[in-house]
2 protein chains.
Amino acid sequence: MSPTAALRLAPLAADADALNFCATCAFSSACLDQGYDKTRLNELHILVDHVGPLAEGTHLFREGDPFEAIAAVRTGTVKTYVVDREGRETVLGFHLPGELIGLSAISRDRYPCNAVALEPVALCRFSFPEIATLATRIPGIQQRLFQLLSEDIGKASLLLGDFTAEERLAAFLALLVRRYRRRGLSGNRFSLPMARTDIANYLRLAPETVSRLLRRFQDLGFVSVERRFIEISDEKGLLSLAVHVLRN
Amino acid sequence: MSPTAALRLAPLAADADALNFCATCAFSSACLDQGYDKTRLNELHILVDHVGPLAEGTHLFREGDPFEAIAAVRTGTVKTYVVDREGRETVLGFHLPGELIGLSAISRDRYPCNAVALEPVALCRFSFPEIATLATRIPGIQQRLFQLLSEDIGKASLLLGDFTAEERLAAFLALLVRRYRRRGLSGNRFSLPMARTDIANYLRLAPETVSRLLRRFQDLGFVSVERRFIEISDEKGLLSLAVHVLRN
DNA sequence: CACATTGATTGATCTGGATCAGGGACCAGG
DNA sequence: CCTGGTCCCTGATCCAGATCAATCAATGTG
C-alpha cells in the first residue's frame, strides 16, 4: 500500500480477526451496548477494513486528498496537522487508541489536514458513505455518529481560553492520563509518542518552553521525565495547575 | 417565556409564517435542494418551533441546562461562552443568521456552555431527538446533519494556530464579512453586534489591544470604525493581513 | 439638569514566553 | 570506533501584547 493512501478504500476484508477486534471499536461497541442482534452486527463488520500496521512516519492522508473514509485508531498514535505557506506547522490533535480520525472531512469532499503515524499504527477504516447508509437502518449507529461528531466540536477546550503556558501543558498531560486510562492503558507511566516540537505546535508554545515547563513540573515533584518516558507521580498536583483549563 | 428557557420545548406551532420562514433555514433548504416532495417537507416543518424575538441579554440556555433542542438563528446574533471560577469569560463563538447553536450538546445531556442574545434574536428551534428520528427516514436530512456537525469541528481555525493579534483580528473581520455576505446581508458595511470585550475574549486578546488594532486598521485605510459601526473599505488589505490564518 | 454607569480609547509600563545561541545525549551508518 | 544527524536541554536577551491608569463619550436616571 502506498504511503499516502492508507485510507484509500481497498477490497473489504471482514475476516475473523478484524471482526474480533472490531467488537471493541467505537461503532460496533455502540451496537453491542444496545443489544443488537448478530445479523446487524455483521452488517456493520462487513464495512470495516482492518488496516496496518503502518510504519512511523506513514501518512494516512494528506491535505486535499479526496475524502473516502474515517478511521478508528486501534494501536499507536496519529498526529493531525496543517502547514502554512511559511512551512510552520499547526498541530490540530493527537489521536490515541480508540479515537477517530477524519470526522472534519465529512463536510467537504477532501481532507482538510494531514494525518501521520507517530509510531506504528493499526486502524479500523470505515467507508463513510456506507456507514451513513447503514445508519439510516440502525438508529443506534446514527446516534453514535452524531455523538462522536458532537464530542469533537468541544474538544479544543485547552486551546481556546487565554491560559498560561503552564496551565496548558499541565492540562495536556492530565488529559493524556485520562485518555490512556479510559482505554484501559497505563495512565501513570507511559511513553510520549510525540516530539517536544509537536507538543509545542499543538499548545502554541516554543519547544524551549515545553522543555522548561517539563523540568519545572519535575522539580515540583509532579512528574518525572526521561526523554520520551514520563511518569505521573502527582496527578492531583498537575490537575491543580490545570484547573482553569479543565474546569472541574 | 422565561428568560433562561428559550430553548425549552413548547407546544409546536407550525403555522404558515414559521413554515414560510423555514423554507430558508438550514434543514429545510437541504430538503428543497434535493427536491423532496411537499409531504416530507411538512414532516420536517412540523418539528420546527419558531421562537422570538428575544430581547438583547436573554439567555437561550445556560451551562448545565438539560439539552433538548438545537436552533438556527433567524435574525440577530448569539454569543456562546463559558465562565471560569474566577469569573473570566471565554467566548466560544458568535452565531449569525443562518447558523446553528447547540450542536456541541448532542454528545451530552446538558448544554456545555451559555448562549445569550447580543441583539434581539429570532430562532428556529428543533427537538433533536425528533429530528434524528426523522433523519433515519429522510437520508438528505441525515446527511445535512452530519455535514453541519462536521463543519463545526473545523470552525475554530483562527484560534488554533499561533498567530499574532493583528492576524487574528484581521481574520475575524474578514470572516464576518464572508459570513454576512453568504447570507445575502451587506458584507462591507455593518454593525458589530458584540462589544470590544467580547471580541477580545474570543480572540484571546485584551480589549485595549482590540481597540488599538482597529485604530491601526483604520489608519491603514482598511476599515473605518465608529463605535459599533464598521465599514470595510479595503477587504483585500484585510485579507492580506489574515492570509496566514485563512490559508487561502 | 447633575450625576452615575458602562464601554471605548489612549498612553505608560511590565512581563510571559519567544527567539537567539550554544551544548549535550542518543542513535544510525560507515 | 568515529561522525553526522536528530532531538532535547539550558541560558541570555528581546518584544508583542498584557496590565495599569487616566480620560472621554454615550446613555441612562432621579
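Let's start at the DNA. In this predicted model, DNA strand D is surrounded by 19 residues, and the closest of them are A:A195, A:S211, B:T164, B:A206 and B:T209. Sorted by class, the surface near DNA strand D holds 9 charged, 6 nonpolar and 4 polar residues.

Now turn to the other strand. Around DNA strand C there are 18 residues, with A:T164, A:A206, A:T209, B:R196 and B:S211 the closest.

How are the two protein chains related? Chain B can be superposed on chain A by a rotation of 180° with 0.0 Å of shift along the axis, giving an RMSD of 0.0 Å. The two copies are therefore related as by a two-fold rotation axis.

From here we can walk over to the place where the chains meet. There, 31 residues of chain B are in contact with 31 residues of chain A. On the chain B side, the elements giving two or more residues are β5 (89-95), α4, α5 and α6 (157-160). Of that side, α5(B) supplies the largest share, 11 residues. Its class make-up is 14 nonpolar, 11 polar and 6 charged residues. Because 100% of the interface residues of chain B are also interface residues in chain A, the copies meet through the same surface.

The axes of α4 (residues 128-137) and α5 (residues 139-153) of chain B come within 5 Å and cross at roughly 125°. An angle of this kind is neither roughly perpendicular nor roughly antiparallel, so α4(B) and α5(B) are oblique to each other. Where they touch, B:I131, B:L134 and B:A135 of α4(B) meet B:I141, B:Q142 and B:L145 of α5(B). This contact has 5 nonpolar residues, 1 polar residue and no charged ones.

Terms used: Residues numbered from 1 in each chain as written. Chains lettered and ligands numbered in written order. Predicted model: local features only at pLDDT ≥ 70, side-chain atom pairs only at ≥ 80, totals over all residues. Near = placed C-beta within 6 Å. Nonpolar A, V, L, I, M, F, W, Y, C, P; charged D, E, K, R; others polar. Least-squares fit on C-alpha atoms with pLDDT ≥ 70 in both. Contact = placed C-beta atoms within 7 Å. Axes fitted to C-alpha atoms, helices over the stretch in contact; angles between N-to-C directions. Helix = DSSP H or I, 4+ residues; strand = E, 2+ residues; numbered from the N terminus. Parallel < 35°, antiparallel > 145°, perpendicular 65-115°, else oblique.
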